[in-house]
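The structure is shown first.

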Amino acid sequence: MISVLPKKGHLLIAEPSTIGDNSFNRSVVLLAEHNNEGSVGFILNKPFNYSICDLVPEIEAGFKVYNGGPVEQDNLYFIHNVPNIIPNSVEIANGIYWGGDFETTKNLINNGQISKNNIRFFLGYSGWETAQLENELKENSWIVAENKLKSKILSKSSQHFWKEKIIEQGGEYVLFSNSPSDPMLN
């Protein structure tokens, strides 16, 4: 049963039963768009082992780059909480914005006006076609949750984020919080 309907700005928390899916196992996704045509989101807790300066040498910062999802992994995306200084940003919800002028963003980072707590970079995104996410919700693949951290979610450590969100669900979910990511290894 779906207790909260998905909308922009909500979080999708992978059910503990999502095993064998390298992209979404133990993922927490921020929904950046959700409408009748489909949904787009970014995985918040799957950092790669490299930084933005490895991908864009003109950026003089070691901000982590995250695996945003399995779609278009050759494209760079970013979300942030500083729309007042990044032109052409699109509001997601709760003080979080998607994209904007990349040249300006590079300059602001290099000038120290944007910190790692203001922005998060992703390679790829998570995408669902019309009704696909709703079907996955009916199959109990995801838990929909409100983003109570609002724009502070950008400074949230990703290391135990899924575990924290699962514990917040209470009940039987607490048992899964300490289980191995692959139960076959147990």
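Phe24 is buried, as is Trp142 (buried: under 20% relative accessible area; exposed: over 50%; partly exposed: in between; 1.4 Å probe, protein chains only). The model is predicted: local features need pLDDT of at least 70, side-chain atom pairs count only at pLDDT 80 or more, and totals for chains, interfaces and linings use all residues. Residues are numbered from 1 along each chain as its sequence is written, and side-chain values use heavy atoms, without hydrogens and water.

Rings of Phe, Tyr and Trp (its six-membered ring) pair if their centres lie within 6.5 Å; planes under 30 degrees apart count as stacked, over 60 as edge-to-face and the rest as tilted. The whole structure holds 11 aromatic pairs, including these:

| Pair | Centre distance | Plane angle | Class |
|---|---|---|---|
| Phe24 and Trp142 | 5.3 Å | 80° | edge-to-face |
| Phe78 and Phe102 | 6.0 Å | 45° | tilted |

Phe24 lies in the loop between β1 (11-14) and β2 (28-35), and Trp142 in strand β10 (residues 142-145), so their pair ties together parts 118 residues apart in sequence. Phe78 in strand β6 and Phe102 in helix α2 are 24 residues apart; helices (H or I, at least four residues) and strands (E, at least two) are DSSP runs, numbered from the N terminus. Phe78 is buried at 6% relative accessible area, while Phe102 is partly exposed at 25%.

In helix α2 (residues 102-110), the buried residues are Thr105, Lys106, Leu108 and Ile109. Seen down the helix axis, they fall within an arc of 165°, so they line one face of α2 (the arc is that of the directions from the axis to the C-beta atoms). Just after α2, Gly112 has a positive phi of about 75°.
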